[in-house]
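I opened the notebook to work through one structure, a few features at a time. The entries below follow the order in which I looked things up.

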Amino acid sequence: MKSVTKEVWVFIEQHDGKAADVSLELLSKGRKLANRLNGVLKAVVLGHNVKAVAEVTFKYGADSAILVDNPTLEKYRPLPYSKTLNKLVNERQPRIMLFGASIIGRGLAPRVASNTVSGLTADCTDLQISNVTYLKKDYEDLLLQIRPAFGGNIIATIITPDNPVQMATVREGVMEMHEVDDPKPISIEKIKFKSDRVDDLVKIVEQYREESKVNLKGSQIIVAGGYGLGTKDNFKLVHDLAEAVGGEVAGSRAAVDAGFVDHDRQVGQTGVTVRPKLIFSIGISGAIQHRAGMQEANKIIAINPDPEAPIFEIAHYSIVGKAEEVIPNFIDLYKHKLK
Amino acid sequence: MFKSIVMVKQVPDTANITGKVMKDDGTVNRSMLPAIFNHEDKEALELALQVKEQYGGTVSVITMGPPRASDMLKECYYMGADNAYLISDRKFAGSDTLATSYVLSEAIKHIGKFDFVFAGRQAIDGDTAQVGPQTAEKLNLSQVTYVEEIEKIENNVARIKRKIDGGQEIVDAELPLLLTVVKGAQDPRPFSAKKIMVYKNAKTLLDLEKIANENSLLYLDELIQEHKDKNLYIETLSTTDLSNIDETRIGLHGSPTKVHKVESVVLSGGDAVKIEPTKEGIGSLIDELLNDHILG
């Protein structure tokens, strides 16, 4: 393989001139990866009138920013964005490029990986740098792209040994956002956008967006229910408990798929990662993908009739019992004790 | 009149997976798992069939997979697909999303002109959502992901409702175009009993080869022609048929991502405080949580 760079790039997703949380979280992680490589961290900002977005990235550890500012880029559309990144990545070959696993990132990252023949791993739950021996060959400082795989109970470490650019997407909340202590003023490199006829193949007619009213990431107490609750009716127990203890309602993927609870309340690898003071886990078996999204909670109370449920392995308090019996008791006793 | 190609995938039923199905090289031994039609791909097929019904045209389905994926292709016929293509070759084994998208893009070029390429947003065995956009990029094709509905198609422009983070958007997208369809957008139609009676007899090249091998009176060429005449031939393409394919870009070797390590998750466990599901047990738990200022 030709010589590789030591640049870590983070694609900064922005909406109406505000950087997405997931991008800032990735800068915090990217900072650590860049330090480990003795390399540099670059924020890549596309949009219109978004210099302020580029400027904010240094607070999260960026050494410099690449800014492509043009009216065509005001709102995300796949072709103008992907062709811009394709060109930058092909010319400069960052060693690592990270995208948020948002709807935008999931449409954009694969196009850039496809064009630049880069490896891309989706929904990583951890990223590390390490020397690796693969098929008897030694590789220095590869990106370990770590994610649960295949239905659970397996953690796969993916590598991209033989291509210059290693790409990964990460869900919001998986990495922790840190402002750096001594931010350096950032240098911003402006790149000119080149228009062509493919830019307008997709035109936005109408857009409706609102910030999610659900703030699982910021909640100190979460009450999460699973498929084990059996019915949407029974899932009401989760709401009752959440109301009593002042927590947010959440669900496992199976509960979301069954329609018990909305997708924006899903905790786990393909949902939100949470780190609350306390999480109740009710009728959740505890597949690895779910645990990946909540195992860093300060205290975990698991309630499940199946004593063999894997969730008990990570719980701090385990209650083997039926939600229909345990929850009403809990609520009554709690209200009584608060008086 | 629109020509649509729908990319479909047969996936292991991830609800029924054990550790034993992982091979030593970290790839999955798919033959060990029950295989199902990836649901979002089925929804994509439904959308393509609706376009055909409203505007005329054809719907072809294409899958890259092992021979048994022909079961799913038959199900596509049962729903109303006009043609089916099985892209199958041992050399494809171990392909990651990039290598897969390369094979699919070459197969689509082989099939010919189209207006739409449809796909499910993602497949449940990896949830990556990468193959759709990667294929679009290789075909130099515009894309709209997370599609919920095609409102209308006029003057070669499709008005599409799609999901975005925190909302929805409506876009006008020029054809040709690749669309990925999001879960819950469409309700796939049931199989038609009449179509089942006809297409249960559809055969792939591999099926016909087997029949010819078992009966010396039957000739493969004739069998293929006979099935083609009745539209019961599932076109089967391998690296031999896709003459432009660069074999360094397919299979495990052609995949930039490699599985370095697979670990079964060993849970430390056993540290949990056991709380009896009684009033006393729960009461003392609440006391502890209140004392530690975790609750209250």
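Predicted model: local features only at pLDDT ≥ 70, side-chain atom pairs only at ≥ 80, totals over all residues.

Entry 1
Is Ala129(B) buried or exposed? Ala129(B) has 29 other C-beta atoms within 10 Å, so I put it down as buried; the cut-off for that word is 20 or more. Ala129(B) sits in the loop between strand S6 (116-120) and helix H4 (131-138) of chain B. Its phi is positive, about 60°, although Ala129(B) is not a glycine.

I then turned to Asp16(A), which is not a glycine either and has a positive phi of about 50°. I found Asp16(A) in the loop between strand S2 (14-15) and strand S3 (18-19) of chain A. Asp16(A) counts as exposed because it has 10 C-beta neighbours inside 10 Å, and the limit for exposed is 12 or fewer.

Entry 2: a cis peptide bond.
Which peptide bond did I note as cis? I noted the one from Leu175(B) to Pro176(B), with omega near -5°. Pro176(B) belongs to the loop that links strand S9 (167-174) and strand S10 (177-181) of chain B.

Entry 3: chain A as a whole.
I noted nine helices and 18 strands in chain A. The C-alpha trace of chain A spans about 65 × 55 × 40 Å along its principal axes. I checked the radius of gyration next: a compact globule of 339 residues would have one near 20 Å, and chain A has 22 Å, which agrees. Of the 339 residues in chain A, 57% are buried. I also looked at contacts in chain A between residues at least 6 apart in sequence, and 64% of these join residues at least 24 apart.

Entry 4: helix H3 of chain A.
How far apart are the end C-alpha atoms of helix H3 (residues 78-92) of chain A? I wrote down 21 Å, and the 15 residues of H3(A) should span 21 Å at 1.5 Å a residue, so the two agree. The buried residues I listed in H3(A) include Pro78(A), Leu79(A), Tyr81(A), Leu85(A) and Val89(A). Just after H3(A), Gln93(A) has a positive phi of about 50°.

Entry 5: a seven-strand sheet in chain A.
I traced an open sheet of seven strands in chain A, with parallel pairing and the order S7-S11-S6-S1-S4-S5-S12. Strand S7 (119-121) and strand S12 (187-190) of chain A are at the edges; each has a single partner strand, so one side of each has no neighbour in the sheet. From one strand to the next the twist averages 20°.

For S7(A), I looked up the pairing with strand S11 (residues 166-170) of chain A, which is parallel and runs over three bridges. Leu120(A) has Met167(A) in S11(A) as its bridge partner. Helix H1 (residues 21-37) of chain A lies across strand S1 (7-12), strand S4 (40-47), strand S6 (96-100) and S11 of chain A. I noted that H1(A) runs at about 180° to S1(A).

Entry 6: an enclosed strand.
Why is strand S16 (residues 278-282) of chain A largely enclosed by the rest of the structure? Five of its five residues are buried, so I recorded S16(A) as largely enclosed. In a regular strand the side chains alternate between the two faces of the sheet. In S16(A), Leu278(A), Phe280(A) and Ile282(A) are buried on one side, and Ile279(A) and Ser281(A) are buried on the other.

I then looked at the strands that pair with S16(A). Strand S14 (residues 221-225) of chain A pairs with S16(A) in the parallel sense over five bridges, and Ala224(A) stands opposite Ser281(A). Strand S17 (residues 299-304) of chain A also pairs with S16(A) in the parallel sense over five bridges. There, Ile279(A) stands opposite Ile300(A) in S17(A).

Entry 7: where the two chains meet.
I noted that 71 residues of chain A are in contact with 62 residues of chain B. Helix H4 (residues 103-116) of chain A gives the most to the chain A side, with nine residues. The residues of that side divide into 38 nonpolar, 20 polar and 13 charged.

My last look-up was a pairing between the chains. Strand S18 (residues 317-320) of chain A and strand S14 (residues 273-275) of chain B pair in the parallel sense over three bridges. The bridge partner of Tyr317(A) in S14(B) is Val273(B).

How values were computed. Residues numbered from 1 in each chain as written. Chains lettered and ligands numbered in written order. Helix = DSSP H or I, 4+ residues; strand = E, 2+ residues; numbered from the N terminus. Expected span 1.5 Å × (residues − 1). Contact = placed C-beta atoms within 7 Å. Nonpolar A, V, L, I, M, F, W, Y, C, P; charged D, E, K, R; others polar. Pairing = 2+ DSSP bridges. Rg over C-alpha atoms; globule rule 2.2 N^0.38 Å. Axes fitted to C-alpha atoms, helices over the stretch in contact; angles between N-to-C directions.
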